[in-house]
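Q: Hi! Could you walk me through this structure? I'm new to it.

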Amino acid sequence: MDDMAIDVSGTVYDSKGLPLPGVTVMVKGTTTGVSTDLDGRFSLSVPSSESILMFTFIGFNTQEIQVGNQSTFTVTLTENLADLEEVLVVGYGVQKRGTITGAVSEVKSDDLLRTPAVTTSGALVGKMQGVTARQTDARPGGNTTIQIRNMGTPLFVIDGIPSDAAQFNNLGQSDIESISVLKDAAAAIYGMRASNGVVLVTTKRGGQNQKPEITLSGYYGLQNFTRYPQPANAYQHVRANAESEVNLGGTPTISQEDLGKWQQGTEKGFQSFDYYDFIMKPNVPQSSFNASATGGSENTKYFFSLSHLGQDALIDDYLFQRTNFQSNIDMTLADGFTVGTQISGRLENREQVGVPGLDDYFNPFLSIFTMWPTERPYANDNPNYVNGDVHNINVNPATYTKEVTGYVNEVNRAIKANFFAQYEFDFGLSLKGTYSYSFNNFDFDGFEYTYDGYIYNEDTDIYETRPEWGNQNPWRERRKRNTIDQVAQFQVNYSKKFGDHFVSAIGVYERWKNNSNYMVVHTVPPNNYIPIMSFADQDVLIDEIYQEAREGYLAKINYNYKEKYLLEVFGRYDGTFLFDEENRYGFFPGVSAGWQVSNESFMDNVTGKVLSGLKLRASWGQTGSDRFIGSNNFIVDPFSYYSGYNFIPTAGGSAILNGSFVPGVDPRGIPVRNLSWIVNTNINFGLDTYFFDNKLFLQADIFERRRTGLPAGRYDVLLPTEVGYTLPSENLESDAHRGIEGIITYASNIGDLNFSISANATISRLKIIDRYKPRFGNSWNEYRDDQEDRWANINWGYEVEGRFESQEQINNHPVNIDGQGNRNLLPGDLIYKDVNGDGLINGMDERPIGFAEGSNPYMSFGINGSMNYKGFDLFFGFAGASMQTFNRNWELKYPFQNNGTSPDFMFEDRWHREDLYNADSEWIPGHYPAIRRFGADHLYNRKSTFWLTNVKYMRLRNLELGYRLSPTALDKIGITALRVYASGTNLFSFDNVKEFGVDPEIGAANGLVYPQQRLFTFGFSVTL
């Protein structure tokens, strides 16, 4: 029987349970073999039961199975972390992983989709080293701020075309094939806008001779806030007010009897109202649905996708919706000649309530603390009548509905089309031309109504109103912005292998042009009913035109010998419209090299079961920049190299002449002709190592990005004040981002259990190198204000070393804390460290106590893992950060801020007298100082370690449990793959700001911002 041929068949899957097409199945030691079809199936004949089947596929570990007495096989291949043949997207092309010499990270589509994020940036959080993130405001449709090594806003390149952050964040995530991040000199190939790194996005495409495949996927989930500070109730509020009166030397204006009624909270007129529960609704939906089709023939490949995402806010009448479509087509018209197009579009809709002010999300959060819990939103609790008998009608949330106060609708319509043609010669040369046209239309439509407030007269049973009890200041506004981006590229590629030598080269010409038109019309409407805007009601008209253009030339040469010695040399010649002709263009070179140490003969006795591979990398490269790192503004106003005047209707020279208004002009000052590029120099050293048969992967990098030529003025060269302007800035200063990053990943299997675990971390911080001729008045000024050779954004404040336990301790304290002999101090107040020992607390006692506020954390880290067992899969992702500062202020610091109320913990856990009505009663300790409405500047007007927190957190970003039905069962109903899953996002967090009731990522010092949501979803994915 062993001498007879045996027919065997089976299916090959990846670790996620997806069929793997194209896997090579060979009979070991022979030339007999086949490839799996599009469903991962194979069948062949083997000589005997002793035969061994070998399964090989790029990106996966080779697996060998003896036939034995089996005829049907189910094979799962595990990912090969060290697969040097895997292709990654890099600058203007692709490159094998083994030959990459720069710092490049990549995340695949499956990893992105595990987090049901609204934006692409949100899906990247915690998934790769070198990418720092923070979502300070998580309102529906809100973005997560991502940076590469904390260097600033990166350049986003989508399918080879430079794009902006809005296009990147609002991609359909189901349309993304992969995202690569270029972090060092590898990014320099993209020129001036790449000085902060590059994020490369590749959308999905069909495969050659791929049978049509239709995929439907979606999820439905429910959202709630992770955290939000809870306001004090009515009893806590009135008690705190009475305590403040006593602490300021007075007596309570509220009687014990009435205070007791507020504590009971049952009698009419003494009932507490919870404005948080009134404004915020729980368990609001978020959903997503996607349908796509992919496939191809011998000469045509296609991918089509349509998706819709909807996210309701936890506030009524607020929502975000987005619809995306993507169409990618590639056609081979003749041997070597290919044309293609990528067409994408999106429709974004944001609906809000037209509350006073232009940030319609802020007022609802403000009202939670500005309204008193002793007030009711409706007169006589009748929802048909807004209560006008409140201390501030403008923040009464009863008005925050479209029916009462109006609406604001924002619509973004965008379409982008890329067209390319490519011809490949048979000797390694190819030519490619690309043209991209992008159109974006932003439409703002707002209408704020007038409305009345009412007071209920119990005697007459009538709801009375007056003009001052409502809003009598309506507005109507339309804004439109049309933006056109055009990109043209011509690219020449050459690659050839000469024995053990491989050479490739790229030459590219690129031109980018932007045109934007913006118009605003604002009126004061005569009523709430007719939205038509008439000239007679108009009070504002803005009409702006903006243009920008850049072009660049680049060249890159790659060489390797046996893929062991690796070299890349490149240069870019960039031009910008900002500078005069002599400074308009700049040349920026770069070089990187790599060494596959493990391929050396002297490593033969070292590599083996423990060490599987080792590569060393180094890179140096320059880019030019014409924008500032933080604001992203130009370093000089456009056309500043021209002299003359600015025509401004409101300029100081405007006048009334002969009864007519004559607009004036402003002198432009000295033409700016000695300011040019900020030069960014990136240096990176890295290593890639593999252990234990490539099951363990470790990558680490140390880096610096130094900027020279930062603009600054020569303060020591003076012009007479009569001139009216100063000398323009020059390229005089420098700074540097320095840091380290790393990732470690382990992937293996135990029988049918496949698993992987990965941890990554990044630390990057800005250091000031040179400032133009710093000067100081004395040694203290030099210590306090010198920036050279110091980390940037140092947070200074007072060190709190204790609390006063009694009035006697205050009386005997030798240091003057409040500047008035400590007469304003009470037990429980803060004891500041007298650093210089002069007996007085003032600015000279401030010392470094924190990091930057509101910016991305200097240190970020993440942990990601997955497990798969016989159709079941589990994925989890943690994301964390430290070295960031949150300084509580306003509502989180001042009692009764803005004549409102405060968080419940401030009015509950505080120093207070045991008997409110006995000023001589014993003090009861608490966490917060004794409550005072005023007269406590020594507590609230000083930044100190009591109010400032250096935030550290680690949150469970995502947890997903899924089940994939077996192909055998699905074959019967004509389905290729079906997976269902349940997931949770932001389930819990370990951090040091929980006691304040805030999310660790928010940036608003008062906590009044839309925090991140805890989201539970149920989803599916089916392939036909």
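**A first look at a sheet and some rings**

A: Happy to! Let's start with two strands: β10 and β15 (residues 176–182) run antiparallel and are joined by five bridges. Strands here are DSSP runs of E of at least two residues, helices are runs of H or I of at least four, and both are numbered from the N terminus. Two strands pair if DSSP finds at least two bridges between them.

Q: Which residue in β15 is the bridge partner of Val104?

A: That is Leu182.

Q: Before we go on, what kind of model is this?

A: It is a predicted model, in which local features need pLDDT of at least 70 and side-chain atom pairs count only at pLDDT 80 or more, while totals for chains, interfaces and linings use all residues. Residues are numbered from 1 along each chain as its sequence is written, and side-chain values use heavy atoms, leaving out hydrogens and water.

Q: Thanks. In what order do the five strands of the open sheet come?

A: The order is β10-β15-β16-β13-β14, with mixed pairing. At the edges are β10 (104–108) and β14 (161–163), each pairing on one side only.

Q: New topic: how many aromatic pairs does a search of the whole structure find?

A: It finds 58. Rings of Phe, Tyr and Trp (its six-membered ring) pair if their centres lie within 6.5 Å; planes under 30 degrees apart count as stacked, over 60 as edge-to-face and the rest as tilted. Take Phe588 and Trp677: their ring centres are 5.5 Å apart and their planes are at 75 degrees, so this pair is edge-to-face.

Q: Where do Phe588 and Trp677 lie?

A: Phe588 is in strand β30 (residues 585–596) and Trp677 is in the loop between β35 (664–667) and β36 (678–691), so the pair ties together parts 89 residues apart in sequence.

Q: And is Phe588 buried or exposed?

A: Phe588 is buried, at 5% relative accessible area, and Trp677 also counts as buried, at 7%. The cut-offs are under 20% for buried, over 50% for exposed and partly exposed in between (1.4 Å probe, protein chains only).

Q: Which ring does Lys767 lie over?

A: Lys767 lies over the face of Trp791, 5.0 Å from the ring centre. A charge sits over a ring if NZ of Lys or CZ of Arg is within 6 Å of the ring centre and within 35 degrees of the ring normal.
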